[in-house]
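Let's take a walk through a protein model together. Keep the picture open beside the text and look for each part as it comes up.

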Amino acid sequence: MKKTPTRRRAPLFEVRHSRIHGFGVFAARRIRKGTTIIEYLGDRLSHAQADERYEDKDPNDNHTFLFTVDARIVIDAGVNGNEARYVNHGCDPNCESSMRGKRIFIEAIRTIQPGEELAYDYQIQRDSDDAPNVDEVFACRCGAVSCRGSMLEAPKKPRKKPRRAPHRAAGKKKTRPANGRRGAQRREALKARRRR
Ligand SMILES: C[S@@+](CC[C@H](N)C(=O)[O-])C[C@H]1O[C@@H](n2cnc3c(N)ncnc32)[C@H](O)[C@@H]1O
Ligand SMILES: [Zn+2]
């Protein structure tokens with residue numbers, strides 16, 4: 001019997017030079033909001049293995065393909081990685097990274113037009129032992145009007161001390177904070193520390 005030819009769809013994206021940095025990933029056709037574009041693939045390492053692999057790296061070199069999944073796993077897209085490693089950081093991004101069962105995917109958070117560069121917010125985690133010039137090293141060149149100037153997460157605002165002990169009605173149960181989900185979201189959003 002004759003086979004009916006199956007219609008292949010054009011690829012969703014292409015990799016080419018970017019104005020932001022090196023190579024970038026660009027929509028090759030319209031990508032709808034909510035589309036899973038690509039999985040972030042590469043060697044899955046422990047943090048210790050990643051440290052060992054890149055121990056000789058210049059601390060002033062911000063280039064990395066490492067992506068922190070959680071406190072145990074780092075994906076090194078520099079080894080066995082795919083095109084996801086070329087998605088640059090943006091401060092007003094059209095994509096986000098999301099975790100499903102310890103796998104990382106890049107998803108469209110709005111409809112993206114053909115030719116637009118894909119970007120997600122790396123939110124590189126700040127550490128207490130960061131060098132004073134860390135924001136310079138990780139300077140952002142995304143070009144967004146709202147660019148925060150750094151690929152690092154925004155510095156945490158110091159908590160204002162209450163002027164006096166806050167009142168609490170006797171017998172009133174302490175309720176869970178309304179933003180109780182933020183912990184989980186943040187963990188998922190530990191997008192890209194290991195950028196060393
Ligand atoms: C996962 S790679 C992205 C692909 C990279 N453009 C390339 O050609 O290899 C991440 C690295 O790209 C660079 N990069 C990504 N977004 C950037 C941005 N908004 N501003 C400056 N450099 C950026 C940084 O060196 C970062 O460590
Ligand atoms: Zn920016």
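## Starting at a helix

Let's begin with Q49, a residue that sits in helix 1, which covers residues 47-53. One thing to know as you look around: this is a predicted model. Is Q49 buried, exposed or partly exposed? Q49 has 13 C-beta neighbours inside 10 Å, so it counts as partly exposed.

Now look for I73. Along the sequence, Q49 and I73 are 24 residues apart, while in space their C-alpha atoms are 9.7 Å apart.

## The whole chain

Time to zoom out. The protein chain has three helices and 10 strands. If you read from the N terminus on, the elements come as β-β-β-β-α-β-β-β-β-β-β-α-α.

How much of the chain is buried? Of its 196 residues, 26% are buried. The contacts also tell you something about the fold: take those with a separation of 6 or more, and 71% of them link residues 24 or more positions apart.

Strands can team up into sheets. In general, they pair through backbone hydrogen bonds, either parallel or antiparallel. Here, three strands make an open sheet in the order 4-6-5, with antiparallel pairing. At the edges are strand 4 (43-45) and strand 5 (66-68), each of which pairs on one side only. From one strand to the next, the twist averages 25°.

Zoom in on strand 5 and strand 6 (residues 74-76): these two run antiparallel and are joined by three bridges.

## A hairpin

Next up are strand 1 (residues 13-17) and strand 2, an antiparallel pair joined by five bridges. Here R16 stands opposite G24 in strand 2. The hairpin made by strand 1 and strand 2 has five residues between the strands, and G22 in this hairpin takes a positive phi near 40°.

## Around the ligand

G22 turns up again at ligand 1. Which residues come nearest to this ligand? Of the 19 residues around ligand 1, the nearest are H21, G22, F23, N88 and H89. Two elements give two or more residues to this shell: strand 2 (23-27) and strand 7 (88-89). Sorted by class, the shell has seven nonpolar, nine polar and three charged residues.

In soluble globular proteins, nonpolar side chains tend to be buried together. In this model, the largest nonpolar core has 32 residues, and I37, F67, V87, C95, I106 and L118 have the most contacts inside it. Strand 2, strand 3 (36-39), strand 5, strand 6, strand 9 (103-108) and strand 10 (119-120) each supply at least two residues of this core. Strand 9 gives the most, with three residues.

Let's take L118 as an example.

Most residues other than glycine have a negative phi, and most peptide bonds are trans. Two residues here take a positive phi without being glycine. N80 has a positive phi of about 60°, and Q123 has one of about 45°. You'll find N80 in the loop between strand 6 and strand 7, and Q123 in the loop between strand 10 and helix 2 (134-137). N80 is exposed because it has 11 other C-beta atoms within 10 Å. Q123 has 19 other C-beta atoms within 10 Å, so it is partly exposed.

One last stop is K33, in the loop between strand 2 and strand 3. K33 has 11 C-beta neighbours inside 10 Å, so it counts as exposed. Apart from neighbours within four places in sequence, K33 is in contact with A108, I109, R110 and T111.

Technical notes. Residues numbered from 1 in each chain as written. Chains lettered and ligands numbered in written order. Predicted model: local features only at pLDDT ≥ 70, side-chain atom pairs only at ≥ 80, totals over all residues. Near = placed C-beta within 6 Å. Helix = DSSP H or I, 4+ residues; strand = E, 2+ residues; numbered from the N terminus. Nonpolar A, V, L, I, M, F, W, Y, C, P; charged D, E, K, R; others polar. Pairing = 2+ DSSP bridges. Axes fitted to C-alpha atoms, helices over the stretch in contact; angles between N-to-C directions. Buried ≥ 20, exposed ≤ 12 C-beta atoms within 10 Å, placed from the backbone. Contact = placed C-beta atoms within 7 Å. Core = buried A, V, L, I, M, F, W, Y, C linked by C-beta atoms within 7 Å.
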